[in-house]
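Hi everyone, thanks for making time.

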Amino acid sequence: MSSQPPFPASGHYLQAIRESARRLRIQAKIQITSEAIDRLLHSAAFTSSFQRVSAVHGLNLLLKFESHLEELNLISVLSLLNFASGYRFPLHQQLRRGAWDTIRAFVFSLHITSSSEENLLSARGMQSTNMTKVAELMGVSLHVERPHESLPGVMVGELGGPLYNLVKQITEVLNQTGTILVSGGYPNLGSFVLEALKEGSRSAEQGSTVLETVLERLVKAFPAFQDMAIVDGQAVYCFKKALFLIHAITIRFGSISPPPFPIPLTENSPIFTDNVIPSMLIHLGVLNLTQAPGLDALFPSANVDRSLQDLLGPAPELKPNSDLPLHGAVPKAPKEGPLVSNAQAFKLRAAAIDACEMIVSHARSISSNGQEGDTPTWIQEITLPKLDMWLWSVAKDRPDYRALDRFAQRDTVFY
């Protein structure tokens, strides 16, 4: 059973994420050893791809914007809607793309189809949108056909289908967030974020940080950012989408001189935990579930020595029948991963947060312990966001990784 805990103490949101993740991971008996971390850091899989793959962030926006604020607003809405991972299988079946690409395409459609008369990315546009409009812009059908109960050969159309609930979740998040923005007098979500960035810049002079301030304001204001729960009596805080939004601001605007608004420093931000990162850490031998009650049977093939050896080795050569696109071909739809409960998901996601903290700490300690050996200097300088990006992106980079199970949860708007 899980429910929502109180908000963390003001100014201690980042600390709450790290400490609650470690507590829950240990309580869940998910094991992480320094040997497993070292094995990953020195593997051919890691050393041959990290510097290239960790730079793939998926935030290249091939759109025109009238202002930096307009782009900030789009990034804010994109981050707000950065969920749907539990629908990976039906999305690939119907749209031939995964959750992130689907949500990004949808937000791009909101931008492209907006006008001065109807701005779908404004607070009022979000507040008033409906499921029909969302489904239309996503390109999904909300109708299914079934045989008539008493008339043979007659088909009856009705609302439903595998993506019906996803469209409903997206619509509800947009409506709810738009209503909050309208009541607060904000024209759009970007304006709220801009105000938080400026507030964070002022509070930084008093010992706080932009990252901490913006994170707290986002989480307190909008339920869709309140990624937290009580699991087995323990409060756990993840805040994946809010952290992702703040890092996206750094990626998109951090190189502009002078910056259009205060830029958060995110190199020490906790990871943006979803279903991909913990699943990859399980398959790569870092998260060990064998002693974790209720989790140990989720990934039955993850502890096979030969499989681990292959996954930590160099990437296999692409073959004509691989799952990755070749010469413009459409990739095969992935298989459905294990479906998990909310409590199971929070345990796995919390374990991934703690694992990444331990990986970065271990990498930085290699030099201080005088154990450099053949360890490249760049390994000792990896950051949490780059490790996050590597784990997320490398899952798509190799055909053998793309075929790995990822757990799925559909009753959430947090990842």
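First, the ground rules. This is a predicted model, where local features need pLDDT of at least 70, side-chain atom pairs count only at pLDDT 80 or more, and totals for chains, interfaces and linings use all residues. Residues are numbered from 1 along each chain as its sequence is written, and side-chain values use heavy atoms, with hydrogens and water left out.

Let's start with helix H14, residues 276-283. Helices here are DSSP runs of H or I with at least four residues, strands are runs of E with at least two, and both are numbered from the N terminus. Eight of the eight residues in H14 are buried, so the helix is largely enclosed by the rest of the structure. Buried means under 20% relative accessible area, exposed over 50%, and partly exposed in between, with a 1.4 Å probe and protein chains only. Among those buried residues are Pro278, Met280 and His283. After H14 comes glycine 285, with a positive phi near 85°.

Now, what lines the largest cavity? A cavity is a set of points, on a 1 Å grid over the protein atoms alone, where a 1.4 Å probe fits but cannot get out; lining residues have an atom within 4 Å of a point. The lining includes Arg88, Lys335, Glu336 and Arg406, along with Phe89 and Phe407. The largest cavity has a volume of about 60 Å³, that is, the space filled by probe spheres set on the points, which are joined across faces, edges and corners.

On to the rings: there are 15 aromatic pairs. Rings of Phe, Tyr and Trp (its six-membered ring) pair if their centres lie within 6.5 Å; planes under 30 degrees apart are stacked, over 60 edge-to-face, and the rest tilted. Phenylalanine 50 and tryptophan 378 are stacked, 5.5 Å centre to centre with 10° between the planes. Phenylalanine 50 is in helix H4 and tryptophan 378 in the loop between H16 and H17, so this pair ties together parts 328 residues apart in sequence.

Finally, the charged end of arginine 349 sits over the ring of phenylalanine 346, 5.4 Å from its centre. The rule is NZ of Lys or CZ of Arg within 6 Å of the ring centre and within 35 degrees of the ring normal.

Definitions and conventions: On a 1 Å grid over the protein atoms alone, a cavity is a set of points where a 1.4 Å probe fits but cannot get out, and a pocket is an open set with protein on both sides within 12 Å along at least five of seven lines; lining residues have an atom within 4 Å of a point.
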